[in-house]
Amino acid sequence: MVKVRILGIETSCDETAAAIYTGDGQAGRILGECLSSQVDIHARHGGIVPEIASREHLAVLPGMVEEVMREAGIAWHELDAIAVTAGPGLMGALLVGVSYARAAGAVNNIPVLPIHHMEAHLLAPGLEGNLPAFPFVSLLVSGGHTMLVRVDGIGTYKLLGQTLDDAAGECFDKTARLLGLPYPGGPAIAELAEGGDAESFPLPRPLLKGGDLNFSFSGLKTAVMHIVRNNPKLVHDESRRRDLAAAIQLAVVDVLVGKCKTACRQEGIGELIVAGGVAANALLRAQLATAASEYGLNVHVPSLRYCTDNAAMIAYAGCQRLALGLLAPEQWDAIPRWPLTR
Ligand code: KG4
Ligand code: ZN
């Protein structure tokens with residue numbers, strides 16, 4: 001494929017992002033990127049407020065697109081496509097990005113590609129030239145998803161296992177709240193866990209044994225809830241809070257790494273991608289590196305900024321789809337619940 005230039009737009013949750021990527025399906029680079037996080041705004045409410053998220057996206061997105069176009073030195077007529085997150089995510093938030101992309105596409109006569117947010121996470125290592133050859137196994141771990149997927153090609157995904165209840169990021173967010181920590185809980189727990197003794201609270205590793213590739217994190221959350229309720233002084237004891245944070249982090253990481261190993265063994269695949277917001281977790285990254293050397297796996301994890309939500313990964317997914325001639329279906333819209341695999 002000839003080199004194309006793609007504007008990526010991401011507004012599925014609480015980050016507004018725009019980026020321009022140029023590539024030919026094999027190699028490429030980011031020409032400009034811009035991200036505005038609403039984390040501080042939602043933190044005041046203890047979690048994401050969908051209505052506030054939509055309004056914030058609407059307020060900042062047009063200015064951000066202008067900014068990345070300026071940074072990349074690109075005019076509208078020089079773009080080959082606009083890639084926009086069409087789902088899954090918050091309906092109102094998705095609609096802001098989708099409506100903007102559609103309007104800009106219509107006015108400038110540019111095709112618009114609806115992108116699956118989790119597919120973009122899954123392909124994110126490719127942004128830095130680290131996408132392994134197919135097939136590979138991918139662990140997608142974010143605030144809304146925890147799933148293991150076998151990837152045989154772009155758009156050819158087989159679900160190997162997924163969470164039966166809470167996502168891993170959701171487990172961090174909810175247990176953080178029990179510990180009196182701010183949203184988002186993952187980074188807050190990771191920070192508090194530093195220097196904590198992870199062995200001092202024996203927390204369960206739900207569904208770790210047994211060889212099945214599904215996850216369950218609600219029991220872990222309930223166990224933490226009982227510990228906090230039964231020890232009312234704990235939340236005022238910094239050292240015990242550190243220990244509990246370390247125990248939570250280790251329990252989640254043990255399960256995620258254990259399931260990755262089982263999935264790779266089961267599929268007979270040695271290439272593993274771990275992506276999504278929770279992939280930013282330093283302990284997870286360290287344990288994956290250990291597992292990689294022990295079990296002969298090649299583990300590919302995006303750099304921190306491309307683990308959490310961003311628009312470069314949306315533009316990159318658009319570029320890869322375009323390279324394969326995978327254009328938008330005739331009818332499409334924002335889809336808040338959109339399974340990655342059928
Ligand atoms: O992919 P993402 O940015 O947004 C969604 O699509 O959900 O993931 C956000 C999730 C949140 O649950 C957050 O607590 C978690 O990723 N997260 C982390 C870390 N950074 C973000 N979890 C553990 N450790 C981190 N360092
Ligand atoms: Zn995400």
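Buried, in these notes, means under 20% relative accessible area. I'm working from a predicted model, so each entry below is a look-up in that model.

**Entry: the zinc site**

I started with histidine 121. Its relative accessibility is 0%, so it counts as buried. Histidine 117 came next: at 5% it is buried too, because the cut-off is 20%.

Then I checked what holds the zinc ion (ligand 2). Its protein donors are His117 through NE2, His121 through NE2 and Asp309 through OD.

Where do histidine 117 and histidine 121 lie? Both are in helix H4, residues 117-123, and they are four residues apart, about one turn of the helix. An α-helix has 3.6 residues a turn, so residues three or four places apart point the same way.

**Entry: ligand 1**

Histidine 121 turned up again here. An N or O atom in its side chain is 3.2 Å from an oxygen atom of ligand 1.

How much of the accessible area of ligand 1 does the protein cover? On its own the ligand has 550 Å², and the protein covers 89% of that. The elements giving two or more residues to the shell are H4, H5 and H6. I listed 18 residues around the ligand, the closest being Gly143, Asp173, Gly186, Gly277 and Asn281.

I followed up on asparagine 281. It lies in the loop between strand E9 (271-275) and helix H9 (282-295). With 8% relative accessibility, asparagine 281 counts as buried. Setting aside residues up to four places away in sequence, it touches Phe172, Ala190, Gln249 and Val253.

**Entry: helices H5 and H6**

H5 runs over residues 168-178, and its buried residues are Ala168, Gly169, Cys171, Phe172, Thr175 and Ala176. Looking down the H5 axis, I see them fall within an arc of 155°, so they line one face of the helix. Their cover includes strands E6 (136-141) and E7 (146-153), along with helices H6 (185-193), H7 (218-230) and H8 (238-267). Just past H5, glycine 180 has a positive phi of about 75°.

For H6 I noted Gly185, Gly186, Ala188, Ile189, Leu192 and Ala193 as the buried residues. They fall within an arc of 165° seen down the axis, so these too line one face of their helix. That buried set packs against H5 and H8. Turned away from the buried side of H6 are the exposed residues Pro187 and Glu191. Just after H6 comes glycine 195, with a positive phi of about 85°.

Most residues other than glycine have a negative phi, and most peptide bonds are trans. With that in mind I went looking for exceptions.

Which peptide bond ending at proline 135 is cis? The one from phenylalanine 134, with omega near -5°. Proline 135 is in the loop between H4 and E6. A cis bond also joins tyrosine 183 and proline 184, with omega about -5°. I placed proline 184 in the loop between H5 and H6.

Asparagine 109 has a positive phi, near 60°. It is in the loop between helix H3 (91-108) and strand E5 (112-116). Is asparagine 109 buried or exposed? Its relative accessibility is 71%, so it counts as exposed.

Leucine 207 has a phi near 60° too, again a positive value in a residue other than glycine. It is in the loop between H6 and H7, and at 33% relative accessibility it counts as partly exposed.

**Entry: threonine 156**

Last look-up. Threonine 156 is in strand E8, residues 156-162, and is partly exposed at 43% relative accessible area. Apart from neighbours within four places in sequence, it contacts Arg150 and Val151. I also took the C-alpha separation from leucine 284: 27 Å, for residues 128 apart along the chain.

Note on methods:
Residues are numbered from 1 along each chain as its sequence is written. Chains are lettered from A and ligands numbered from 1 in the order in which they are written. This is a predicted model: local features need pLDDT of at least 70, side-chain atom pairs count only at pLDDT 80 or more; totals for chains, interfaces and linings use all residues. Side-chain values use heavy atoms; hydrogens and water are left out. Donors are N, O and S atoms within 2.8 Å of the metal (3.2 Å for Na, K and Ca); water is not among the atoms, so sites may look incomplete. Buried means under 20% relative accessible area, exposed over 50%, partly exposed in between (1.4 Å probe, protein chains only). The arc is that of the directions from the helix axis to the C-beta atoms. Contact means heavy atoms within 4.5 Å. A residue is near a molecule or strand if one of its heavy atoms lies within 4 Å of it. A polar contact is a pair of N or O atoms within 3.5 Å; within protein, one must be able to donate a hydrogen and the other to accept it, and residues adjacent in sequence count only if both atoms are side-chain atoms. Accessible areas come from the Shrake-Rupley method with a 1.4 Å probe; for residues, only the protein chains shown count as cover.
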